[in-house]
Amino acid sequence: MKLLVIGSGGREHALAWCLAKTPGLQKVFVAPGNAGTAADRALENVAITDLDALADFAEEQKVSLTIVGPEAPLAAGIVNLFRARGLKIFGPSKEAAQLESSKDFAKRFMARHGIPTARFATFSERAPAHAYIDQQGAPIVIKADGLAAGKGVVVAMTRDEAHAALDRMLPAESTYAPTGSTPAQVVIEEFLEGEEASFIVMVDGKDVLPLASSQDHKRIGDGDSGPNTGGMGAYSPALVVTPEVHAKAMREIILPTVRGMAAEGTPYTGFLYAGLMIGKDGSVKTVEFNCRLGDPEAQPILMRLKSDLFTLLDHAVAGKLDQVEASWDRRVALGVVLAAANYPGTPRTGDVISGLPKVSEYSEYSEDSEDSHIFHGGTSERDGQTVTAGGRVLCVTALGDNVKRTQKRAYDLIVGIHFDGMQYRHDIGHRAVPR
């Protein structure tokens, strides 16, 4: 049996690493992969990114199942293409992926189906958008409508910040793209107060299998300071997702979304990620939808998964998710992202990474392999060395009996790893540490 994971980040490394444990597996291909997947003997990188060429490869290699990691190929319709050619693939169709690829689509969908979320308005011209900001006041949230790799969101604490963010995201009317192209849009939302958590499930079109809860850390700096990023670290389980919050998220957000998509003729299959805002009163609202596993949430979540991932995916593709359950390690998993210089702006690439542990031939890092793993994100090989090749370079992930111990294990692993300009947060998991 051969499997194919599409993508090159830390989430894809974690997926491939987890799938490599599948009994009877011959090979996990990763397209295009990174230096971490290249170093793992159970995995094989494939230098293909074109969607048609990927489908050709899956046919030629008789790939049993393809799993899509990032959002861009989903938004481009890779699932539609593979299905049209009779190839098994796990992910949402292009139409269903609009839940992530268009924030305006997602907000209007939630409004139609009574799914709790922040009040919003969508604009394609600056003048009325600026007027709306003045009317609503601050704090207020400005979001670019399309895919933005987790960075197209500004939580503006003042009107001046909001106006500046709007001007960055929305081109002036005089600089619009040629007639016939889709105009740029921004979604302006009410600021929600509370604690955020990541609620990720698997969906087969009708049934839902919840994964372990997690909490991401979006801001670049300690204490949740600085600009938003794609995520600087995560831990699982998230203490804020109590049994009551879990039940409410399923009842008020996840199940209405799955039923609503089916009712509108775009049944949803794949990973579905709901970013939750949990109020002090226990209320739960949807911050956003992603149509994939989160990154870096995938790394700690998959470290805790005790069930065979392929079995879960195979049942999902067959429309039989109601016949399986997921089993989880009782311990806490926590991942710390090591980011490149200048991230979350334009990250510097090409810096040599030193101090990485040696990889054994058994698809595991040889040092404390059962309780820790270093997942590669933005890395590549150059002249026999591992170098930075993206914003979020590595995710150092560990398991432990509680958050404090797991923090120490993860941060101890970082000691000795170095590349010029390396930056990371020192407080991942801080909300779950007793004070």
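1. Basis of the model. This is a predicted model, in which local features need a pLDDT of at least 70, side-chain atom pairs count only at pLDDT 80 or more, and totals for chains, interfaces and linings use all residues. Residues are numbered from 1 along each chain as its sequence is written, and side-chain values use heavy atoms, with hydrogens and water left out.

2. Confidence. The protein chain averages a pLDDT (the predictor's confidence in each residue, from 0 to 100) of 93, and 94% of the residues score at least 70. Over residues 174-181 the pLDDT is below 50, and beyond near neighbours in sequence this stretch has three contacts in the model, a contact being heavy atoms within 4.5 Å. Residues 360-368 also have a pLDDT below 50, and for this stretch the model shows 23 contacts beyond near neighbours in sequence.

3. K2 lies in strand 1, which covers residues 2-7; helices (H or I, at least four residues) and strands (E, at least two) are DSSP runs, numbered from the N terminus. K2 is buried and yet has no salt bridge, the nearest side chain of opposite charge being that of E44, 8.3 Å away. For these terms, buried means under 20% relative accessible area, exposed over 50%, and partly exposed in between, with a 1.4 Å probe and protein chains only. A salt bridge is a side-chain nitrogen of Lys or Arg within 4 Å of a carboxyl oxygen of Asp or Glu, while in assigning charge Lys and Arg count as positive and Asp and Glu as negative, with His and the chain ends not counted.

4. Partners of K2. The side chain of K2 makes a polar contact with the side chain of Q61, at 2.9 Å. A polar contact is a pair of N or O atoms within 3.5 Å; within protein, one must be able to donate a hydrogen and the other to accept it, and residues adjacent in sequence count only if both atoms are side-chain atoms. Leaving aside neighbours within four places in sequence, the residues in contact with K2 are Q26, K27, F29, Q61, V63, S64 and L65.

5. Within helix 9 (residues 159-169), the residues A162, H163, A165, L166 and M169 are buried. Seen down the axis of helix 9, these buried residues fall within an arc of 160°, so they line one face of the helix; the arc is that of the directions from the helix axis to the C-beta atoms. On the other side of helix 9, D160 and R168 are exposed. The cover over the buried residues of helix 9 includes helix 8 (126-136), strand 7 (140-144), strand 8 (153-156) and strand 9 (186-190).

6. A salt bridge across the sequence. The structure holds 27 salt bridges, and one of them joins the side chains of R431 and D224 (3.4 Å, N to O). R431 lies in the segment after helix 13 (403-414) and D224 in the loop between strand 13 (219-221) and strand 14 (225-228), so the pair ties together parts that are 207 residues apart in sequence. R431 is partly exposed, with a relative accessible area of 43%, and D224 is partly exposed at 26%.

7. Further salt bridges. D371 forms a salt bridge with R331, with the closest N and O atoms 2.9 Å apart. This pair links distant parts of the chain, 40 residues apart, since D371 is in the loop between strand 18 (332-339) and strand 19 (372-376) and R331 is in the loop between helix 12 (309-317) and strand 18. D371 is partly exposed, with a relative accessible area of 22%.

8. Backbone points to check. Most residues other than glycine have a negative phi, and most peptide bonds are trans. A cis peptide bond joins A31 and P32, with omega about 0°, and P32 is placed in strand 2 (residues 27-32). Another cis peptide bond joins A138 and P139, with omega about 5°, and P139 is found in the loop between helix 8 and strand 7. K62, in the loop between helix 3 (51-60) and strand 4 (65-68), has a positive phi near 55° and is exposed, with a relative accessible area of 67%. D224 likewise has a positive phi, of about 60°, although it is not a glycine.
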